[in-house]
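Subject: Structure handover

Hello,

I am passing on the structure we spoke about.

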Amino acid sequence: MKLELIQGDITTLQVDAIVNAANSTLLGGGGVDGCIHRAAGPELLAECRTLGGCPTGEAKITGGYSLPSKYVIHTVGPVWHGGGQGEREALISCYRNSLALAGEHGCKTVAFPLISAGVYRYPKEEALEVAITSIRRFAGADMTVYLVAYDAATFRLAQQVLERLRTSN
Ligand code: AR6
């Protein structure tokens with residue numbers, strides 16, 4: 001498996017699947033969720049309405065419609081409440097369940113945003129650490145996984161966390 005950090009808008013990526021940081025209704029919202037629904041078009045919301053929502057830590061898959069990606073994997077990250085309410089375990093589950101779904105659908109290229117690190121307030125550095133270690137642990141051997149930082153500051157922080165995890169292994 002290969003892990004690559006990139007900076008930019010996840011909705012522009014030509015990959016087999018992009019992951020959406022959704023909420024448990026799966027009916028859209030702000031942040032990356034809003035960007036994905038805008039770029040995919042109204043058919044995405046129509047398919048999401050048939051799914052009956054999604055609990056925190058789990059994942060569901062839909063088509064990508066007008067997106068360049070074939071699939072969208074919707075996962076629901078934990079809201080940060082200080083770290084003592086199972087947030088880390090829930091975030092690890094998001095990566096594990098999303099990568100399992102990607103594997104079941106034959107995806108070889110998958111892109112993740114930094115789940116929970118926006119509206120849900122998970123501290124960025126910790127969110128990056130969970131993302132990197134979980135992707136390494138759960139991605140298929142033949143997968144390339146892109147971790148997408150939206151802005152330059154997050155991208156630099158991601159490079160630092162990756163470097164630190166490399167040298168501590
Ligand atoms: N491409 C890549 N990353 C992005 C993009 C984009 N187009 N847009 C934002 N990000 P958030 P959460 C980054 O808030 O914290 C929604 O309302 C962003 O900078 O999108 O899991 C849902 O419906 C941040 O680093 O997701 C839920 O209610 C990261 O994506 C709630 O927000 C995640 O931020 C989920 O909150």
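The ligand sits in the largest pocket. Please keep in mind that this is a predicted model.

The pocket: the space in the largest pocket comes to about 550 Å³. Its lining is made up of 27 residues, and those nearest the centre are Ala21, Gly31, Val32, Leu114 and Gly118. Strand E2, helix H1 and strand E6 (144-149) are the elements that each give two or more residues to this lining. H1 gives the most, with 4 residues. By type, the lining of the largest pocket has 14 nonpolar, 9 polar and 4 charged residues.

The shell around the ligand: 20 residues surround the ligand, and Asn23, Gly30, Val32, Asp33 and Val119 are the closest. At least two residues of this shell come from strand E2 (17-22), and at least two from helix H1 (31-40). The largest share, 4 residues, is from H1. The shell divides into 10 nonpolar, 8 polar and 2 charged residues.

For valine 32, a backbone N or O atom lies 2.8 Å from a ligand oxygen atom. Aspartate 33 uses its side chain: a polar atom there lies 2.7 Å from an oxygen atom of the ligand. On its own the ligand would expose 710 Å², and the protein buries 91% of that area.

Regards

Definitions and conventions. Residues numbered from 1 in each chain as written. Predicted model: local features only at pLDDT ≥ 70, side-chain atom pairs only at ≥ 80, totals over all residues. Heavy atoms only, no water. Near = heavy atom within 4 Å. Polar contact = N/O pair within 3.5 Å; in protein donor to acceptor, adjacent residues only side chain to side chain. Areas by Shrake-Rupley, 256 points an atom, 1.4 Å probe, with all protein chains shown as cover. 1 Å grid on protein atoms, 1.4 Å probe; cavity = no way out; pocket = protein on both sides within 12 Å on 5 of 7 lines; lining within 4 Å. Sits in = over half its atoms within 2 Å of the grid points. Nonpolar A, V, L, I, M, F, W, Y, C, P; charged D, E, K, R; others polar. Points joined across faces, edges and corners; volume = space filled by probe spheres on them.
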